[in-house]
Structure formats: C-alpha cells, structure tokens
Amino acid sequence: MPPPSAIAASLVELVSRPSFPGHLVYSVTNLVIGVVIAAVAGVSVGLLVGWSRLLELVVAPVLWTIYSVPKVAFAPLVILALGLGPSSKIFLVFLLGFFPIALNTIEG
C-alpha cells in the first residue's frame, strides 16, 4: 500500500494535467444525463405502478427481481451492446438510479 503522502502527490499531479478539466466535464455530463433520465423514468414508472393495483401485481415483482441482480453483471452486456462510448456510461448510471427511484416511488 502506498503511503498517504504518495496518494496526495499523485492526486495533485493528476489535477494539474491540462486534460483533467475536459475529462471531468465529460464524466460529470454523463453522470448528470444518466441521473436525470433515471429520475424521470423512475418517478414515471413508480407513479404508474403505484396508482394501478394490476400493474403493481404484474410489474413490481419484475422490478424487484431485476433490482436484486448485481449491476456489475449488466456491465459486460451493456458494453457489448452499446460499446465504450458515452451511451454505455449513461445507461449504466441509468440502471443504478432507475430501480431505487422507481421502487421507492411505488412504495411511497
């Protein structure tokens, strides 16, 4: 394990690179897009399922089952389907956010 001083020095070196701000903006943009899509879809699905007893009986168990699968298991499939570009990153963020939002909206 490297000492904390070496980790701090590496962090300073990383942040001082000229390419760092561009990479940071790229990552934060993908994160924000994924979270916004997950929030809109999760709240919409959650409200629909929560208001309809039939949808709750049919859709909620499917959502709980998919939610219980570790999201790391989806990563290789998403990369194969969408590639290594921003769409796969956005979709993975969406997956991480959609299920907790939808299921908590249903329960609420």
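1. Burial first: 19% of the 108 residues in the protein chain count as buried (under 20% relative accessible area, with a 1.4 Å probe and protein chains only). Keep in mind that this is a predicted model, where local features need pLDDT of at least 70, side-chain atom pairs count only at pLDDT 80 or more, and totals for chains, interfaces and linings use all residues. Residues are numbered from 1 along each chain as its sequence is written, and side-chain values use heavy atoms, leaving out hydrogens and water.

2. The fold has five helices and zero strands, running α-α-α-α-α from the N terminus (DSSP runs: H or I of at least four residues for helices, E of at least two for strands). The radius of gyration is 19 Å, well over the 13 Å that the globule rule gives for 108 residues, so the chain is more spread out than a compact globule (C-alpha atoms; the rule is 2.2 Å times the number of residues to the power 0.38). The C-alpha trace spans about 55 × 30 × 30 Å along its principal axes.

3. Now a helix pair: α3 (residues 53–68) packs against α5 (residues 86–107) at about 145°, axes 10 Å apart (lines fitted to C-alpha atoms over the stretch in contact, angles from 0 to 180 degrees between N-to-C directions). L63, W64, I66 and Y67 of α3 meet F98, F99, P100, L103, I106 and E107 of α5, where contact means heavy atoms within 4.5 Å.

Terms used:
Buried means under 20% relative accessible area, exposed over 50%, partly exposed in between (1.4 Å probe, protein chains only).
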